[in-house]
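Good morning, and thank you for coming.

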Amino acid sequence: MTEKCTEITVSEQRRGDLVVTDKHIAFYVQSVSFLARQELCPGIDENDESDSENGGVDERESSGAQVSSWLYSEIAEIHKRRYLLQDVAVELFFASGKTRLLAFDGKAARDAFLGILTRMPLPNLQNFDTE
């Protein structure tokens, strides 16, 4: 299964393809949008207005191929989340303490991903939020 989605972090949004395989989940990054410094640290570079014209998003894209992958054995919790007031996201919690917020293009795509993910062997899954 392959779905388009966006990985959301505090400082960037990474758009790409999420691939579910029989052993792991892989995220192939296609583009990265960085949040502007003013949004992250108000008061820094107040005289630089270049980022305010585009809503605080830096339109630079990364040029190298970036791939993240997560083994099913690392997933400890799965929770449905809202992103931009829409019920289209999933937050994955890993045994290491790290998390990933993935926003899909729609609720149907998110639910399809969850349907396939929950059929995979998840030996360390402690909590799956069905609501």
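Strand β6 (residues 75-83) and strand β7 (residues 86-94) are paired antiparallel, with seven bridges; strands are DSSP runs of E of at least two residues, numbered from the N terminus, and two of them pair if DSSP finds at least two bridges between them. This is a predicted model, in which local features need pLDDT of at least 70 and side-chain atom pairs pLDDT 80 or more, while totals for chains, interfaces and linings use all residues. Residues are numbered from 1 along each chain as its sequence is written, and side-chain values use heavy atoms, leaving out hydrogens and water.

Tyrosine 83 has glutamine 86 in β7 as its bridge partner. Two residues separate β6 and β7 in this hairpin, and leucine 84 in the turn has a positive phi of about 55°. β6 also pairs with strand β9 (residues 127-129), in the parallel sense over three bridges. There, isoleucine 78 stands opposite phenylalanine 128.

In the largest nonpolar core, which has 21 residues, Leu18, Ile25, Phe113 and Leu117 touch the most other members. Such a core is a set of buried Ala, Val, Leu, Ile, Met, Phe, Trp, Tyr and Cys residues joined through side-chain atoms within 4.5 Å, where buried means under 20% relative accessible area with a 1.4 Å probe, protein chains only. Apart from this core lies another, of six residues, including Ile8, Tyr83, Val88 and Leu101.

Note on methods. Helix = DSSP H or I, 4+ residues; strand = E, 2+ residues; numbered from the N terminus. Buried < 20%, exposed > 50% of the residue type's maximum accessible area, 1.4 Å probe, protein only.
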